[in-house]
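Reader: I'm new to reading protein models. Could you walk me through this one, feature by feature?

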Amino acid sequence: GLKGPFRLLSLMGAIFRTARWADVVTLHGSTTGLFINAPISVMAAKLFGKGSVIRNFGGRDYGEFPAWRRGLVHRSVKAADLYLVEPKRLLEAGKSRGIEHIRVFPNSRPMRPLPDESQSDTRTCRKFVYLGHIRRDKGIDLMIEAGERFGEEVSVDVYGPMRFDMNESDFAGLKRVRYGGVLDPADVAAALFKYDALLLPTFYPGEGHPGVILEAYAAGIPVIASRWMGIPEVVPDGMGVLIEPRDAGALYEAMRELTENDTFYAQLRDAVRNGRVFFSQEQRTEEFVAYCRKIAGGETL
């Protein structure tokens with residue numbers, strides 16, 4: 001709205017005031033906002049003779065945008081010293097446009113210590129959870145259809161803001177699937193510890209490496225997610241179950257396997273505990289700082 005231009009001017013002022021003291025100017029943002037933020041970031045870096053990094057969240061390719069918008073982003077990422085993307089398909093798209101200084105940079109989260117689970121083989125899977133925007137292309141209807149087929153021993157709790165094409169009336173009269181409102185970001189970690197598995201049967205066109213999957217790993221729980229966009233890159237073998245998009249039957253069968261096969265569920269949990277370090281924020285931070293040091297030192301990436 002009307003506040004937008006003033007916020008943009010304030011942002012530009014902050015970037016140009018601080019860029020002169022930096023060794024490297026870095027931008028972290030979604031594809032949607034790159035056409036505004038990337039030119040500003042690169043311009044500030046060039047003005048003061050600094051290195052520049054653009055890190056793109058999510059799975060949207062800027063090639064999908066109109067030509068004028070696409071051109072702004074492309075010129076900016078070409079001018080930067082390093083362009084970081086999440087899913088591998090964006091790496092290939094960037095290289096096809098002549099961007100050589102492009103790297104895959106997986107999403108990450110802090111991996112908090114997990115409680116001792118010496119008796120983990122006795123834990124069963126009964127409580128499923130979804131966290132994210134409440135919209136049909138996130139697979140909410142599929143979760144409702146699959147979840148309502150279970151008996152009273154299974155529950156599916158759905159949290160997130162209502163967006164676009166759904167409202168609370170879509171959950172009225174359901175027995176197994178419950179809408180729990182919006183969680184404060186500070187409460188997400190504690191909430192996930194109360195559940196046994198995460199559901200993400202999405203077919204949203206902008207999926208990259210969904211942060212909520214990594215939040216689930218941080219809580220030590222596996223996921224059931226769709227084989228869609230960049231998701232298979234963050235659900236390696238053993239840490240979850242991948243299903244075909246838009247398939248409520250496949251979602252139900254995957255949920256049933258976790259609830260009825262305790263050995264399989266225990267194997268998934270063990271794999272999450274052992275493999276989640278790859279997605280740790282600490283590991284990604286070290287990698288990012290190493291990139292910045294090379295750029296500040298004049299190395300070509």
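Author: Helices (H or I, at least four residues) and strands (E, at least two) are DSSP runs, numbered from the N terminus. This is a predicted model, where local features need pLDDT of at least 70 and side-chain atom pairs count only at pLDDT 80 or more, while totals for chains, interfaces and linings use all residues. Residues are numbered from 1 along each chain as its sequence is written, and side-chain values use heavy atoms, with hydrogens and water left out.

Reader: Which strands pair with β3?

Author: Two strands pair if DSSP finds at least two bridges between them. Strand β2 (residues 51-57) is parallel to β3, with three bridges, and Ile-54 stands opposite Tyr-83. Between β2 and β3 the chain passes through helix α3 (residues 67-79), in a right-handed β-α-β crossover. Right-handed here means that, with the strands pointing away from the viewer, the path from the first strand over the helix to the second runs clockwise. Strand β4 (residues 102-104) also runs parallel to β3, joined by three bridges, and Val-104 is the bridge partner of Val-85. Helix α4 (residues 88-96) carries the chain from β3 to β4, and this β-α-β crossover is right-handed.

Reader: How do I read a helix like that? Which residues of α4 are buried?

Author: An α-helix has 3.6 residues a turn, so residues three or four places apart point the same way. In α4, the buried residues include Leu-90, Leu-91, Ala-93 and Gly-94. They cover an arc of only 165° around the axis (taken from the directions from the helix axis to the C-beta atoms), so they sit on the same side of α4. Lys-88 and Ser-96 are exposed on the other side.

Reader: What covers the buried residues of α4?

Author: The cover includes β2, β3 and β4. Contact means heavy atoms within 4.5 Å.

Reader: Which residues is Asp-61 in contact with, leaving aside its neighbours within four places in sequence?

Author: They are Thr-31, Leu-90, Ala-93 and Arg-97. Asp-61 lies in the loop between β2 and α3 and is buried, at 13% relative accessible area.

Reader: Now the rings. How many aromatic pairs does a search of the whole structure find?

Author: Rings of Phe, Tyr and Trp (its six-membered ring) pair if their centres lie within 6.5 Å; planes under 30 degrees apart count as stacked, over 60 as edge-to-face and the rest as tilted. The search finds seven pairs. In one of them, Phe-150 and Tyr-252 have ring centres 4.9 Å apart and planes at 45°, so that pair is tilted. Phe-150 is in the loop between α5 (140-147) and β6 (155-159) and Tyr-252 is in helix α8 (residues 248-260), so the pair ties together parts 102 residues apart in sequence. Phe-150 is buried at 8% relative accessibility, and Tyr-252 is buried at 13%. Another pair, Phe-278 and Phe-279, is edge-to-face, at 5.0 Å centre to centre and 85° between the planes. Here Phe-278 is partly exposed at 39%, whereas Phe-279 is buried at 2%. Ring pairs also link Tyr-217 with Phe-278 and Phe-279 into a cluster.

Reader: Which charged end sits over the ring of Phe-278?

Author: A charge sits over a ring if NZ of Lys or CZ of Arg is within 6 Å of the ring centre and within 35 degrees of the ring normal. Over Phe-278 it is the charged end of Arg-284, 5.0 Å from the ring centre. Arg-97 lies over the face of Tyr-62, 4.7 Å from the ring centre.

Reader: Last one: which residue has a positive phi although it is not a glycine?

Author: Most residues other than glycine have a negative phi. Met-229 has a positive phi of about 50°; it lies in the loop between β9 (223-226) and β10 (240-243) and is partly exposed at 29%. Arg-246 also has a positive phi, near 65°; it is in the loop between β10 and α8 and is exposed at 53%.

Note on methods. Buried means under 20% relative accessible area, exposed over 50%, partly exposed in between (1.4 Å probe, protein chains only).
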